[in-house]
Amino acid sequence: MAFWIASSPHNHNHTKTPNLMRLVILATIPGVFAQWYFFGWGNLIHIGLAMITALLSEFIVLSLRKKPIAHHLLDGSGLLTALLIGICLPALTPWWISVIGTLFAIVIVKQLYGGLGHNPFNPAMAGYVMLLVSFPIQMTLWQPPLSLLTVDLNFANTLTTILTGFTVEGYSVEQVRTSIDGITMATPLDTLKTNLGLGFTVLETITSPVFGENFSLGWEWVNAGFLLGGLFLLTKKAIAWQTPVSFLLSIFVCSFIGYSINPDANPSTMFHWFSGATMLGAFFILTDPVTGATSNKGRLIVGALAGLLVYLIRTLGGYPDGVAFAVLLCNMSAPLIDQYTRPRTYGHAKGEK
Amino acid sequence: MNILLAILVLGGIAAVFGALLGYASIRFKVDADPIVEQLDALLPQTQCGQCGYPGCKPYAQAVADGEAINKCAPGGEDTIKKIADLMGVEVQPLDESHVKGDVAQSNRPKVAFIIEEDCIGCTKCIQACPVDAIIGAAKQMHTIIIDECTGCDLCVAPCPVDCIEMREIPETIHNWQWDLNSIPVKQVN
Amino acid sequence: MESVIARITRGQFWDFHGGIHPPEQKTLTSTKPIKQLTLPKQLIIPLQQHIGLEGDVLVSIGEHVLKGQPLTGSTNPMEVPIHAPTSGTITAIKMSVIAHPSGLEQLCIFLDVDGLDTWRKRIVCPDLSLLSNHEIIEKIADSGIAGMGGAGFPTHIKANSKPDINFLIINGAECEPYITSDDLLMMEQSIAIVDGIEILDRLLSPAFILIGIEDNKPKAIKALQQATKDNEKIKVCVVPTKYPIGGEKQLIHTLTGQEVPAGQLPIHSGIVMQNVATCFAINEAVRHDTPLIRRVVTVTGQALNKPQNVWALIGTPINFLLEQCEVEAIENVKQPVIMGGPMMGFSIASDIVPIIKTSNCILVPSKKEMPSAFEKESQEVECIRCGQCSDVCPSNLLPQELQWSAKAKDHPQLQKLNLSDCIECGACAYVCPSQIPLVHYYRIAKAEIREQHQLDLKAEKAKVRFEARKMRLEKEKIARQEKNKKAAAARKAAMNKATPEATGAKSAVAAALARVKAKKAAQENPEVTKPVDSAEVSTVEVSATEIVNDQKSQVAAAIARAKAKKKLKEASAQQSEASTTNTEPNKISENNAETEQPTDQKSKVAAAIARAKAKKKLKEASAQQAETKNTETEITTVTENTIGKETIPEKSISEKKHTGKTDLAKAGKHNSDTNIDTDTDTNTSDISDISNANITNTNDIASELVHAAIPAAIDKKAKMAAAIAKAKAKKKLKDAATKESAAILLNEDKKDSN
């Protein structure tokens, strides 16, 4: 009689990469919900578009690469990339933006480097940065929260705006974005940057309606949603705690220093935490294991570095938000950081490699 | 005039940098191992002579002098790759004309084995063995010191009675190794 | 040091990095007592069940053996004897599948059980104080005890350590899921275990004795605390449950806060670790003169109806145990049967694999409880660098980086990442979401590195030998040239002597010339009977020269002979078919048994070729053979005569050859011993010196004599060179051996404690 032979260990804790991906996708629900609640259907439409593009393009590339299609297509990583791109895009940007961005992310950034696990850059952020650099006008079509809009932006209106550039009633995107007093509204970060550049102080700036009552109308809740999702992931141990904690701490420290030195020119710590893509970046993008650092110490360094970069780009750089750039820069430095943060192996003296 | 000036200036700069580089190459010369020693270290030291040279060292010398790098049959592709890396040349496929017998095709190492009842004691194999791994005397049966045999297969051809053959070293639990692709699934009984 | 003890008394321990909590499943078996089994019909006892060497078989097929009788004997300290687990008859000593992941076969003794279970005579030792430490260690060694936790390191070596032992750690952690054999043993035999520990205490006299037990074994903890309450020195340490805390390095770190430096053994840090089952076996052996013939085995898994711990005799086939524990019919060919635990155990190939000294568990999981063990195709997907593996690695390695390097076969990088510190605990592969069989990659990489290392050593050795040979050949060449020079000088001197012998020499030359001519004629017309005459002539002439006994004449004779041989050879080549008739192989070889004249050699080769041909063409060959026997060449007689003169130098040569042969015989005996290599090397060179001389030297025999003198001097030089090379090789070998043994020890240690 012969028995079945396999190599040890014979047991496994039954975790699987697709499950992990699914968990992360689920954890975005609170944030996406907040986005829908405050900004309407735009991002959901883009998420849908991006997901369809991701599946189709990944299918084509996988078949060209002669890889087992079902196996790779259903691992959820492509969908997650598409989801993140959809979340990041300005809600009223044309449909081809999300299609091009996703194509770039999936085909070039992910598959051409060898597929899941081999891409040096976070596909979603690389796609986003590509769009931001290539299509600056479309990528700044930020939609103010629904409550500030004069136009009733329902699902049909949003869809036609994305597809054709005009609502059903014929308003253009610019008209939609214009507030009652005739000023085009941007994101709080954008507004702040512009106003500070114009010589206003922070206090004067945040009287603008886009800032709402707390830090930034709508955005604070979106960020809170992603924070919630992130905490869920932490409790599930799906992501390492080191990256988000050091990232948020780093932003906190940087903005605290800036705020204490010159409160007029620097917004508060909480504004940095709850505006832009801070929480999304902290829990969903920087924690991408493929492109991040692998050692615990390395993760702490990457998080801190990203926080510093985000703060610097927001305050000194040309773009209002810097999460995407910071992530890409950290992706580049991650292997180097890993190289120098290898833990001390059991039985080896410190410093002995 | 301007053109001339430009040529002169550029020429001058070129000369200065050339001199600098020349000086640097002499001043900061790195004393590496002689290339022959490095090459010899890469070769499998079977001393089989299949490359057409009387041993590994001579072949290393020849490669250093520009001989083709793909003549080492026992080393196989791995060795060729390493030599190519060292010499900074393209990897070439193994030159099949230098492959004697099936040394290159087998995965498991082989050693020579003398079928002792057929041995006539001619000592020809003893003279052929590059590492003195065969013991025996004239008219006496010869035998191979398995631990010393490099599997070069040089003793096979000289044997007048074809009593030497190359045999694989059998797999035992002492030399068995884990292999991912062939986890053995055996039917017993 | 005190702080360590203070912490231990407070119940505070150090934590090691990583670790996992796989489902324990220990309650399947931990609630039932250890069952005594009926005797199986046949036992299959592998000769080697430990790390080290096989002993020599002391019994023969058909012999009746008593229970406890040694089956193998040991002379080497790394040999551990095996004993008959019960009385019966040896029916076979043959290769059989053993408990090894390879599923390969090894020499096993098959014992047909007679059912009487008759003991050999035992001497029970009532008072240990009567025995010296040396005697105790002897007893342990003779009882065949090897580490029972996993790898089976000979216990008497561990127990015979040098002084300055700080900690003796008794490993009762048993962190692998499912396994409860140590747990049950501690519950039921705590007093015997403590007695065993006290024996070790006496042998090693450590400063502290710590028993490490995981906190999931409350009954065992209680039993041991009860048993040790009179002994202040022994401390029962309850450590948290975490896999792999039972690993030697991990337990040492947990209990003492010390790390065993990489590449070293715990003994270097003054720590010795023994498994509880080993302590029990030591007590049995020393006090009751009971060798290691049985052990507790956990037979568990949900594919069994009655999972339980059993006292299994060493050599019990698995199928017997499975029957006893009521295995559900294994129709499923993919059913894995695992020896050891689910984390570090290996699947066995056949149901006749026997229990050996290190088998602590037989695990037969159902598909429901351990689906991953049933998967045929690897579920492996790409690594996403999630880093969960490095979070759980107890050695604080970076498994994901190791995996990439292992796939890329980047051995230097693997060594830089300390692959050798991997204890193969399987925690990384257990948590890997991409289902990468990490441990397997490491095993392959480790094997490759080891193999590469061995190849490098071998290549280095081959290089040394090649260089030595080249040098030797060079020296021989010079020696030959010198010798020829001397011979030429001697010849000249002889020529100049205007003695009557000179005329004789001249006549001899003339005679030789005539002979050559005759030979030529004979070759040209082989059918003509003329050669007979010329042979007679030459014989007469040669005998004349014999009387003269001049060296010169010998030269001439030799030259003539060589020429004649050449001719003969040519002729034989021309008459390819008739060639066999010209050279009669058997007769010549009989006549010239001692000589190696070139012609002889050639004719012999020809004969051998003919023989080979004959093998292929049996019928034709036999006909030819018959013919060849009838015909005989004149040459033979000539050579015979000339050889006659050579007998005196020949004798000296044959004497020398004889000594060479005896050396050779000695060398042959020690063939396996590599140290002798260089000895045999010089022997072969001696021999080939002689044979070379015989074969190649077609000059006179006087030069032969000179040659015999000169090589002696050269041999001395060559021997010296060889000796130096030998010393170097020895050193290398030693280094390699110590490294190897260190690796083995390490391996053993890490496994031992599970």
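In the predicted model, chain B follows the pattern α-α-α-α-β-α-β-β-β when read along the sequence. These elements amount to 5 helices and 4 strands. Chain B has 189 residues, and buried residues make up 31% of them. Of the contacts in chain B with a separation of 6 or more, 59% are accounted for by residues 24 or more positions apart.

Four cysteines of chain B carry an annotation. An unreviewed UniProt entry places the feature "binding site" at Cys129(B), Cys149(B), Cys152(B) and Cys155(B). Although these residues span 27 residues in sequence, no two of their C-alpha atoms are more than 10.5 Å apart, so they gather at one spot. Cys152(B) is classed as buried because 29 other C-beta atoms lie within 10 Å, against a cut-off of 20 or more. Cys155(B) also counts as buried, with 23 C-beta neighbours inside 10 Å. Once neighbours within four places in sequence are left aside, the contacts of Cys152(B) are Thr46(B), Gln47(B), Cys48(B), Pro74(B) and Pro130(B). With residues up to four places away in sequence not counted, Cys155(B) touches Ala112(B), Cys125(B), Ala128(B), Cys129(B), Ile134(B) and Ile164(B).

Chain C comprises 754 residues, of which 51% count as buried. Its secondary structure consists of 25 helices and 16 strands. Among its contacts between residues at least 6 apart in sequence, 75% join residues at least 24 apart. The largest nonpolar core of the model has 144 residues, and those with the most contacts inside it are Ile169(C), Leu321(C) and Ile362(C). Helix H9 (residues 276-288) of chain C gives the most to this core, contributing 8 residues. Apart from this core lies another, of 91 residues, which includes Val32(A), Leu83(A), Ile87(A) and Cys88(A). Returning to chain C, Ile169(C) is in contact with Leu210(C), Gly212(C), Leu251(C), Ile252(C), Leu255(C), Ile271(C) and Met273(C), residues up to four places away in sequence being excluded.

Within chain A, helix H3 (residues 42-64) packs with helix H6 (residues 95-110) at an angle of about 35°, their axes being 8 Å apart. The crossing in which H3(A) passes H6(A) is right-handed. From H3(A), the contact is made by His46(A), Leu49(A), Ala50(A), Thr53(A), Ala54(A), Ser57(A), Glu58(A) and Val61(A), and H6(A) supplies Trp95(A), Ser98(A), Val99(A), Thr102(A), Leu103(A), Ile106(A) and Val107(A). The residues of this contact divide into 9 nonpolar, 5 polar and 1 charged.

A further annotated position lies in chain A. In an unreviewed UniProt entry, the annotation "modified residue: FMN phosphoryl threonine" covers Thr187(A). Thr187(A) lies in the loop between helix H9 (173-177) and helix H10 (188-197) of chain A. This residue is buried, since 21 other C-beta atoms lie within 10 Å and the cut-off is 20 or more. Beyond residues up to four places away in sequence, Thr187(A) touches Trp142(A) and Pro320(A).

In helix H10(A), the buried residues are Pro188(A), Leu189(A), Thr191(A), Leu192(A) and Lys193(A). The buried residues of H10(A) pack against helix H11 (202-205), helix H12 (219-235) and helix H16 (296-316) of chain A. After H10(A) comes Gly199(A), which has a positive phi near 100°.

Note on methods:
Residues numbered from 1 in each chain as written. Chains lettered and ligands numbered in written order. Predicted model: local features only at pLDDT ≥ 70, side-chain atom pairs only at ≥ 80, totals over all residues. UniProt positions renumbered as here; feature names shortened; annotations may be inferred. Buried ≥ 20, exposed ≤ 12 C-beta atoms within 10 Å, placed from the backbone. Contact = placed C-beta atoms within 7 Å. Core = buried A, V, L, I, M, F, W, Y, C linked by C-beta atoms within 7 Å. Helix = DSSP H or I, 4+ residues; strand = E, 2+ residues; numbered from the N terminus. Axes fitted to C-alpha atoms, helices over the stretch in contact; angles between N-to-C directions. Left-handed = near helix turned anticlockwise from the far one by under 90°. Nonpolar A, V, L, I, M, F, W, Y, C, P; charged D, E, K, R; others polar.
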